[in-house]
2 protein chains.
Amino acid sequence: MRDIDIDKLAKMIDHTELKSSSGEGKIKDLCVEADQFGFITVCVNPVNVKFAAGQLKDSDVLVCSVVGFPLGMNTTEIKALEAKKAVEEGAAEIDMVINVGAMRDGKHDYIKADIEAVVKASAPAHVKVILETCYLTDEEIIKACELSVEAGAHFVKTSTGFGAFGAFAHHVKLMRETVGPDIGVKASGGISNIKDAMRMINAGATRLGTSAGIVILEGAKLLKYATDSWLEPEIPCHTCPARSASIAKLPKALYQYYTNKCMKCEYREKYNKFYE
Amino acid sequence: MRDIDIDKLAKMIDHTELKSSSGEGKIKDLCVEADQFGFITVCVNPVNVKFAAGQLKDSDVLVCSVVGFPLGMNTTEIKALEAKKAVEEGAAEIDMVINVGAMRDGKHDYIKADIEAVVKASAPAHVKVILETCYLTDEEIIKACELSVEAGAHFVKTSTGFGAFGAFAHHVKLMRETVGPDIGVKASGGISNIKDAMRMINAGATRLGTSAGIVILEGAKLLKYATDSWLEPEIPCHTCPARSASIAKLPKALYQYYTNKCMKCEYREKYNKFYE
């Protein structure tokens with residue numbers, strides 16, 4: 001684990017800038033950095049795709065655009081059109097958000113058709129399906145992964161970074177187990193250092209979405225100096241999504257789901273004490 | 001101020017549910033409540049417009065949809081199509097988000113054309129332009145209001161509720177002063193009780209976007225029992241947007257703008273002590 005291949009790690013990172021307050025200067029910097037550090041893509045909002053593609057025309061860094069972002073509550077028709085336009089303007093990858101409300105309502109046909117339409121409109125670009133795992137139960141995450149694969153998606157992805165919380169290894173592992181080895185799993189949201197990144201990769205992620213790519217690569221270079229304690233297994237409750245479950249931010253039923261899970265968890269006596 | 005007209009107040013409120021985790025049940029409740037309490041609209045995501053319009057077909061509550069929400073970083077073409085489709089499906093009002101990054105970059109022609117395209121695509125529905133005031137300086141807010149009026153918008157609106165912070169009376173006042181008496185001003189984001197609501201209305205808001213409409217109406221009924229202390233003028237620093245300015249959430253230049261403003265503020269000796 002200490003001998004991480006820095007170039008390989010860089011090629012797993014979508015170098016990301018999705019804040020609405022970021023102007024062209026930020027996107028220009030993002031492109032320069034991506035080229036310099038060897039990231040696989042820059043991930044930008046639709047309005048920045050053309051500009052980013054122009055900046056990167058002499059580089060092998062790809063452009064990734066988001067669709068229906070970050071709420072996923074646009075109609076299928078608009079999502080498909082948005083994807084098509086982004087691909088025309090130079091996007092090689094499309095990260096779409098599912099309609100989380102419909103997923104929670106159990107409208108599986110709708111979810112599948114929504115993804116299918118974007119996959120079709122995006123071809124030959126690859127599509128990542130953002131599940132926004134913070135708002136779903138484990139069972140819903142599994143089902144959403146199955147629907148994504150059936151609909152022809154190339155990746156499933158945890159989070160937008162704008163939800164109640166971001167990527168957790170628990171969810172990444174679940175997603176990897178569900179989609180098998182041939183579909184990509186992208187972890188995103190709150191990945192801010194090499195420890196976060198390694199946790200996601202060890203759980204099965206093949207792609208990381210983060211704005212901390214440079215910090216992560218710097219951390220990777222320092223790994224060889226890490227003490228053994230740094231590499232010890234983590235306390236399970238400390239990396240459990242239940243820890244981020246807050247009644248202020250989650251639907252009531254989902255908050256209840258997490259409290260019930262905690263109560264029955266094998267670690268409840270040892271670490272938990274209900275969120276300590 | 002104690003004799004507030006409850007019905008008039010209800011007719012100023014867009015009863016709002018924009019969370020991605022909210023399914024059809026929540027939207028149904030929203031429509032029932034809006035009809036029962038006499039709110040002017042329900043404000044929902046595009047994917048819920050048709051359903052809400054169906055629920056409200058025998059009511060005089062209108063449907064308001066959001067466009068390019070909440071980041072505003074879609075292309076103009078997609079925003080216009082999204083607005084058109086929402087109106088076709090039953091939306092009578094469209095709340096669009098500007099491209100905040102472009103506004104901060106000073107691309108005024110772009111901003112105006114973006115709004116114009118949505119106004120045109122939405123007719124006869126009215127358009128509210130969400131400035132996302134948390135990411136703009138006072139000068140940028142004034143300019144964005146001018147561009148909105150020039151582009152034919154019917155309202156300017158403070159916030160999405162998904163940004164760094166929501167509506168402040170300071171911004172509402174600025175917007176009202178800029179657009180004059182004939183354009184609507186909608187305050188939204190963090191308006192959770194009658195005190196917040198009155199503060200916005202006193203600053204010049206003619207519409208409130210909130211998910212706390214029922215709580216606000218209940219509060220209004222209790223106003224006649226309020227003690228005099230409740231009605232005293234508020235300490236200026238307590239209701240100043242600078243108070244919510246955080247380096248973690250705002251662009252660095254904007255954070256600097258707020259700290260500079262605080263340093264020169266007329267209240268700096270009396271209340272401020274730099275955020276106390």
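# Exercises on a predicted two-chain model

The lining of the largest cavity consists of seven nonpolar residues, six polar ones and one charged one. The model is predicted. Work through the exercises with the structure open.

## Exercise 1: The cavities

Find how many cavities of 30 Å³ or more there are, and describe the largest.

**Solution.** 
- Start with the idea. Rolling a probe the size of a water molecule over the atoms shows where empty space is left.
- Count the cavities. There are four of 30 Å³ or more.
- Take the volume. The largest cavity holds about 90 Å³ of space.
- List the lining. It has 14 residues, and those closest to the centre of the cavity are A:Phe69, A:Asn74, B:Gly68, B:Phe69 and B:Glu82.
- Sort the lining by type. Seven are nonpolar, six are polar and one is charged.

## Exercise 2: Lys85 in each chain

Decide whether A:Lys85 is buried or exposed, and find what its side chain pairs with. Then do the task for B:Lys85.

**Solution.** 
- Locate A:Lys85. It sits in helix α4 of chain A, residues 76-88.
- Apply the cut-off. Buried means under 20% relative accessible area. A:Lys85 has 16% relative accessibility, so A:Lys85 is buried.
- Look for its partner. The side chains of A:Lys85 and B:Glu77 make a polar contact of 2.7 Å.
- Beyond four places in sequence, A:Lys85 touches B:Thr75, B:Glu77 and B:Ile78.
- Turn to chain B. B:Lys85 lies in helix α4 of that chain, residues 76-88.
- Apply the cut-off again. B:Lys85 has 14% relative accessibility, so B:Lys85 is buried.
- Find its partner. A polar contact of 2.7 Å links the side chains of B:Lys85 and A:Glu77.
- Finish with the contacts. Beyond four places in sequence, B:Lys85 touches A:Thr75, A:Glu77 and A:Ile78.

## Exercise 3: A loop residue

Place B:Ala212 in chain B and explain why B:Ala212 counts as buried.

**Solution.** 
- Locate B:Ala212. It is in the loop between β8 (207-210) and α10 (213-222) of chain B.
- Check the accessibility. The value is 13%, so B:Ala212 counts as buried.
- List its contacts. Beyond four places in sequence, B:Ala212 touches B:Ile191 and B:Ser192.
- Take a distance. B:Val32 is 180 residues away along the chain, and the C-alpha atoms of B:Ala212 and B:Val32 are 15 Å apart.

## Exercise 4: A helix

Compare the span of helix α11 of chain B with the expected value, and name its buried residues.

**Solution.** 
- Count the residues. Helix α11 (252-264) of chain B has 13.
- Compare the spans. From first C-alpha to last, α11(B) reaches 19 Å, close to the expected 18 Å.
- Name the buried residues. In α11(B), these include B:Leu254, B:Tyr257, B:Tyr258, B:Thr259 and B:Cys262.

Conventions. Residues numbered from 1 in each chain as written. Chains lettered and ligands numbered in written order. Predicted model: local features only at pLDDT ≥ 70, side-chain atom pairs only at ≥ 80, totals over all residues. Heavy atoms only, no water. Helix = DSSP H or I, 4+ residues; strand = E, 2+ residues; numbered from the N terminus. Buried < 20%, exposed > 50% of the residue type's maximum accessible area, 1.4 Å probe, protein only. Contact = heavy atoms within 4.5 Å. 1 Å grid on protein atoms, 1.4 Å probe; cavity = no way out; pocket = protein on both sides within 12 Å on 5 of 7 lines; lining within 4 Å. Points joined across faces, edges and corners; volume = space filled by probe spheres on them. Nonpolar A, V, L, I, M, F, W, Y, C, P; charged D, E, K, R; others polar. Polar contact = N/O pair within 3.5 Å; in protein donor to acceptor, adjacent residues only side chain to side chain. Expected span 1.5 Å × (residues − 1).
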